[in-house]
Amino acid sequence: MNGRAPGWEQTRELVLRGIDAGWHRGFQATVRHGDEAWDLSLGTTSGGDAMTPSTCCPWLSAGKPLTALVVARAVQADVLDWDDPVVRWVPEFGGGGKHEVTIRHVLNHTGGFRSGDNLEPGWDWWMALAHGCAAPLESGWVPGTTAGYHARGSWLVLGEVLRRAWGKDFESLVVREVTRPLGCEGLRFSWTREAALACGMGWSGLVASGPMGAGPGGHGEAAKEPARVDPGSGLRGTAREMARWYAALVTPPPGWLDGSLVAELVRPQRAGVVDRTFGAVMSMGLGFILNTGASGGLPTPYGYGPHASARAFGHSGSQSTCAFADPAHGLAVAWCFCGMPGEPIHQRRQREVNAAIYQDLGLALGC
C-alpha cells in the first residue's frame with residue numbers, strides 16, 4: 001500500500017455536506033490495512049445519539065457475503081458442494097420447477113425465484129422458508145444463466161441448507177465458522193428491540209425523519225424491527241467488525257479458509273449478463289458484487305467508486321451501507337449512512353464517498 005493514514009478531509013467534507021442537505025443524519029466508517037485500522041464517525045443516529053465507532057448499524061444486504069462465507073466453510077469441511085442441488089438438503093424447495101437450482105445458483109443470483117423475496121415482517125423462519133420453497137421458477141428463466149438479484153428469500157433457503165447439513169441453527173454456525181475465529185462476534189443476524197437500543201443503534205434504524213425515507217422495497221421497515229434471523233438482509237454490527245472480516249479475505253488467517261475457496265468466492269460467476277433486477281450488466285461472484293463496469297461504461301450499481309481496482313469485491317445494503325476489500329491495495333473498507341435518500345442520490349453518494357476514501361488514503365488515480 002502506497003497510501004497514508006487518512007486525515008479524512010475529503011470524506012468528512014462530503015458527509016457533512018450530505019447532513020446539511022438532509023440526505024443523512026450520521027455516518028460511520030472503518031478502513032483497515034493489515035493490522036492498522038482507522039475510524040470516522042460523524043453526526044447522529046436517527047434516535048439523536050452521537051454516532052461513534054461502537055454504534056451498531058443495520059447492514060441490510062451487505063451481510064450477504066457473511067452467509068456466503070459460512071457456505072464456503074461448509075464446502076471446505078466437505079459438508080456441502082457448491083453444485084449441490086438445493087433439493088438435496090431441502091426437498092420441499094423443488095416445487096414450482098426449481099429442482100435444478102443449485103447452491104451456486106443461489107449464491108450468484110441466477111436461481112430465478114425472486115417472488116420468494118416478498119416476505120412479511122411478522123413471519124418467523126419457518127413461514128418465510130415455506131414461502132421461499134413455494135415460489136415458482138420464473139417463466140423463461142434458465143438457472144445458472146439468467147441473472148436477477150434475489151434480495152432475501154433465497155438467502156433464508158441457504159440458511160436452511162446450512163442448518164440441515166450441519167445440524168445447528170444458522171446464527172450458531174455464523175459464530176462458530178466466521179465471527180468467532182475472526183474476532184468480530186458482535187456481528188449478529190438477529191437482534192431484539194432491547195439489544196438494538198442498548199448498542200446505540202436507535203430503534204428507527206437507518207431511517208431518519210424529514211425527506212429521508214425507506215425507499216423502494218421496504219428495507220427501512222425491516223431495519224426498524226427485525227422479526228427473525230435473516231441471512232440475506234438482517235446483519236447488524238459496527239463498521240470495525242465488518243472491515244475486520246473483509247481484511248481476513250485479503251490475508252486469510254492460517255487454517256481458517258483455503259485460498260482456493262476465497263478465489264472461488266470472488267471469481268466472476270456471471271459476466272456480461274444484464275441483471276433483471278438492477279437492469280444493468282453486473283459481475284457476481286458467490287455472494288459478492290465484483291468491481292466491473294456496467295453496460296455502456298456506466299458505473300456498476302452499488303459499486304466501489306472510480307479508484308477501486310478491478311480486483312475489488314464486496315456488497316452493499318439498500319441506500320445506506322457498503323463493505324468491500326481491494327486486494328490490489330491490501331485494503332478493507334466498511335461504512336454506514338444513517339439515512340436513505342432514494343436511489344439516485346444514494347448511487348451518487350456511494351460513488352463519491354468511496355472516491356473520497358481513496359483520495360484521503362492517497363490511493364486515488366493520479367495521486
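Glu-13 and Arg-17 sit 4 residues apart in helix H1, residues 9-21, so about one helical turn separates them. That is where I will start. The model is predicted, so please keep that in mind throughout.

These two residues form a salt bridge, and the closest N and O atoms are 3.3 Å apart.

Thr-11, Leu-14, Val-15 and Gly-18 of H1 are buried. Looking down the axis of H1, the buried residues fall within an arc of 95°, so they line one face of the helix. On the other side of H1, Glu-9 and Asp-20 are exposed.

What covers the buried residues of H1? The cover includes strand E1 (26-33), strand E2 (36-43), strand E10 (331-338) and helix H12 (343-360). After H1 comes Gly-22, with a positive phi near 80°.

Now back to salt bridges. How many does a search of the whole structure find? The search finds 16. One of them joins the side chains of Arg-104 and Glu-264, at 2.8 Å from N to O. This pair links distant parts of the chain, with Arg-104 in helix H4 (residues 103-107) and Glu-264 in helix H11 (residues 259-265), 160 residues apart. Both Arg-104 and Glu-264 are buried. They also belong to a network of salt bridges that links Asp-83, Arg-104, Glu-264 and Arg-267.

Another salt bridge brings together the side chains of Glu-177 and Arg-176, at 2.6 Å from N to O. Glu-177 counts as buried, at 6% relative accessibility. Arg-176, on the other hand, is partly exposed, with a relative accessible area of 30%.

Next, a strand. In a regular strand, side chains alternate between the two faces of the sheet. Strand E3 covers residues 57-60, and both of its faces are covered. Cys-57 and Trp-59 lie on one side, Pro-58 and Leu-60 on the other, and all of them are buried. E3 is joined by 3 bridges to strand E4, residues 235-237, and the two run antiparallel. Opposite Leu-60 stands Leu-235 in E4.

Last topic: aromatic rings. A pair of rings is described by the distance of the centres and the angle of the planes. The whole structure holds 14 aromatic pairs, according to the search. One of these is Phe-170 with Phe-189, an edge-to-face pair with 5.2 Å centre to centre and 65° between the planes. Where do the two residues sit? Phe-170 is in helix H7 (residues 170-182), while Phe-189 is in the loop between H7 and helix H8 (193-198), 19 residues apart. Phe-170 and Phe-189 are both buried.

Trp-335 and Phe-337 have ring centres 5.2 Å apart and planes at 70°, so this pair is edge-to-face. Trp-335 is buried, as is Phe-337. Finally, Trp-245, Tyr-246, Phe-288 and Phe-313 form one aromatic cluster.

That is what I have. Thank you.

Methods
Residues numbered from 1 in each chain as written. Heavy atoms only, no water. Buried < 20%, exposed > 50% of the residue type's maximum accessible area, 1.4 Å probe, protein only. Pairing = 2+ DSSP bridges. Salt bridge = Lys/Arg side-chain N within 4 Å of Asp/Glu carboxyl O. Arc of directions from axis to C-beta. Contact = heavy atoms within 4.5 Å. Phe/Tyr/Trp six-rings, centres within 6.5 Å; stacked < 30°, edge-to-face > 60°.
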